Amino acid sequence: MNSMKSRLEIMAEAEPLAGELLSKYLLNIDTMWQPSDLLPDSRDYDFIDQVKEIKEVSKELNYDLLVTLIGDLITEEALPTYESWIMNVDGIDQINKNNWSKWLRGWTSEENRHGDLLNKYIYMSGRVNMREIEITTQHLINDGFDPGMMADPYKNFIYTSFQELATNITHRRTGTLAKKSGCLRLAKICGIIASDELRHANAYMDFVDKFFELDPNETMLAFEYMMKIHIVMPAHLMRESGAKPKGELFRHFSNAAQRCGVYTTFDYVDIMEQLIQKWDITNLRELKDDGERARDYIMLLPERVKRIARRIVVPSNPYEFKWIS
C-alpha cells in the first residue's frame, strides 16, 4: 500500500482483478439479450399492427417523461465518445490488449445495445422528430467529452461508478412511469437496460475498491476531487440544431427529469452515500493528513448537498424541445 507508486504501477497490480471480473460482470454475447428480442420482428405477419400498438400506447407518455427518454437515448448513443476517452486512461493498453482494454471493449459492446434498442422504440412511437434527435446526438459526439478527469484511472473509475448508478436510476424510474402509463413494452425495455447499468456499476465500484486497497490516500484524494468538481452527466454538452450554446439544453432536460421524478438532486446525494458505504470510507485506514481532510470533506458533503437540494426550484413550464413533434 505505497502511495508513492505511480498510477501505471497500481493499474498493473490491479489488472488480474480486471481479468477476474470479465467473466463475473460481462455476459456471453451469444446468449445475452439483443435489441431485436424486445422489439417487433419485421418478418412477422402482424409487424405493422405491433408498431401501431406502440404508437397508440406512446400517446400516453407525458411530455417530460418523453423528453427524459429521448435524453437517455442520446446519452447512450454518444458511446463512441466515452470509449475513446477511457481508452486513453493510464494503464489501459489497447495495443497489447491487457485485461483493462478487454473490459472496456466488453463494456462498450454491451452498452451499445442500449442506444440501438431505445432508438428503434422511440422511432416507432411516432411522437418524435428523429432528425432533430440525430442532430443532437451528432453534435454531442462531435463536441467531445471532458469531465475534468484527464488520464487518471482513479478519477475515471470513480466517475463511471457514479454515472452507471445514475443511469440505472433513470432507466429504472422511466420504466416504472412507462408501466403506469400502460407502455408495458417500454417498461420492460427500460428495466432490462437498468439491470445492465447496475451490473456495470458494480464492476467499476469493485475496481475502485481495489484502488482503495492498493493506494488508499491517493484514491481518497481522487474521490474528493471528483466530488468537488461535481459529477456531470455524459450528455451535459448536448444541444439542438442551430446556434445553441453547449450545455443549455441539458439544463432543460435535467429540469424535465426532475419534474417527472426520474432523476433529482436527492438521487445525486443517494449515490454519494451509496459510494461512501460501498468503499467503507468511514473505516479506511493508512491515510495521510491530506487524505484525512479529504475524507472529512466527503463525509460532510451529502448533508450539504441536501440543504442545497431543498432550495432548488424547478421551472414548472416545460421547454419546447425540437426533438418532439
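A residue is called buried when its relative accessible area is under 20%, exposed when that area is over 50%, and partly exposed in between. The structure described here is a predicted model. D280 is placed in the loop between helix 11 and helix 12, and its backbone has a positive phi of about 50° although the residue is not a glycine. The loop between helix 11 and helix 12 also holds E286, where phi is near 60°, again a positive value in a residue other than glycine. E286 has a relative accessible area of 53% and is therefore exposed.

Further residues illustrate the range of accessibility along the chain. Y45, which is found in the loop between helix 1 (7–25) and helix 2, reaches 87% relative accessibility and so counts as exposed. Between Y45 and V57 there are 20 Å in space, taken from C-alpha to C-alpha, for a separation of 12 residues in sequence. R307, which belongs to helix 12, is partly exposed, with a relative accessible area of 44%. The C-alpha atom of R307 is separated by 39 Å from that of N129, the two residues being 178 residues apart along the chain. T68, by contrast, lies in helix 3 and counts as buried because its relative accessibility is 1%. When residues up to four places away in sequence are not counted, T68 touches T174, F253, A256, A257, C260 and V262.

Helix 2 was examined in turn. This helix comprises residues 47–58, and its 12 residues reach 17 Å from the first C-alpha to the last, which is close to the 16 Å expected at 1.5 Å a residue. The buried residues of helix 2 are F47, Q50, V51, I54 and S58. Seen down the axis of helix 2, these buried residues fall within an arc of 100°, so that they line one face of the helix. On the other side of helix 2, the residues I48 and K52 are exposed. The cover over the buried residues of helix 2 includes helix 5 (99–125) and helix 8 (184–214).

Attention then turned to the empty space within the model. Rolling a probe the size of a water molecule over the atoms shows where empty space is left. The structure holds 2 cavities of 30 Å³ or more. The largest cavity has a volume of about 160 Å³, and of the 18 residues that line this cavity, those closest to its centre are Y82, W107, Y159, Q163 and P234. Two or more residues of the lining are given by each of helix 3 (63–77), helix 4 (79–86), helix 5 and helix 7 (153–180), and the largest share, 6 residues, comes from helix 7. By class, the lining of the largest cavity has 9 nonpolar, 5 polar and 4 charged residues.

The second largest cavity has a volume of about 40 Å³. The residues E240, K244, P245, E248, L249, H252 and Y319 line this cavity, and they divide into 3 nonpolar, 1 polar and 3 charged.

The largest pocket has a volume of about 520 Å³, and 24 residues line it, of which I231, M233, F250, S254 and Y263 are the closest to its centre. The elements that give two or more residues to the lining of the largest pocket are helix 3, helix 7, helix 10 (248–259), helix 11 (265–278) and helix 12 (289–311). Among these elements, helix 10 provides the largest share of the lining, namely 5 residues. By class, the residues lining the largest pocket divide into 12 nonpolar, 10 polar and 2 charged.

Technical notes
Residues are numbered from 1 along each chain as its sequence is written. This is a predicted model: local features need pLDDT of at least 70, side-chain atom pairs count only at pLDDT 80 or more; totals for chains, interfaces and linings use all residues. Side-chain values use heavy atoms; hydrogens and water are left out. Helices (H or I, at least four residues) and strands (E, at least two) are DSSP runs, numbered from the N terminus. The expected span of a helix is 1.5 Å times one less than its number of residues. Buried means under 20% relative accessible area, exposed over 50%, partly exposed in between (1.4 Å probe, protein chains only). The arc is that of the directions from the helix axis to the C-beta atoms. Contact means heavy atoms within 4.5 Å. On a 1 Å grid over the protein atoms alone, a cavity is a set of points where a 1.4 Å probe fits but cannot get out, and a pocket is an open set with protein on both sides within 12 Å along at least five of seven lines; lining residues have an atom within 4 Å of a point. Grid points are joined across faces, edges and corners, and a volume is the space filled by probe spheres set on the points. Ala, Val, Leu, Ile, Met, Phe, Trp, Tyr, Cys and Pro count as nonpolar, Asp, Glu, Lys and Arg as charged, and the others, Gly among them, as polar.
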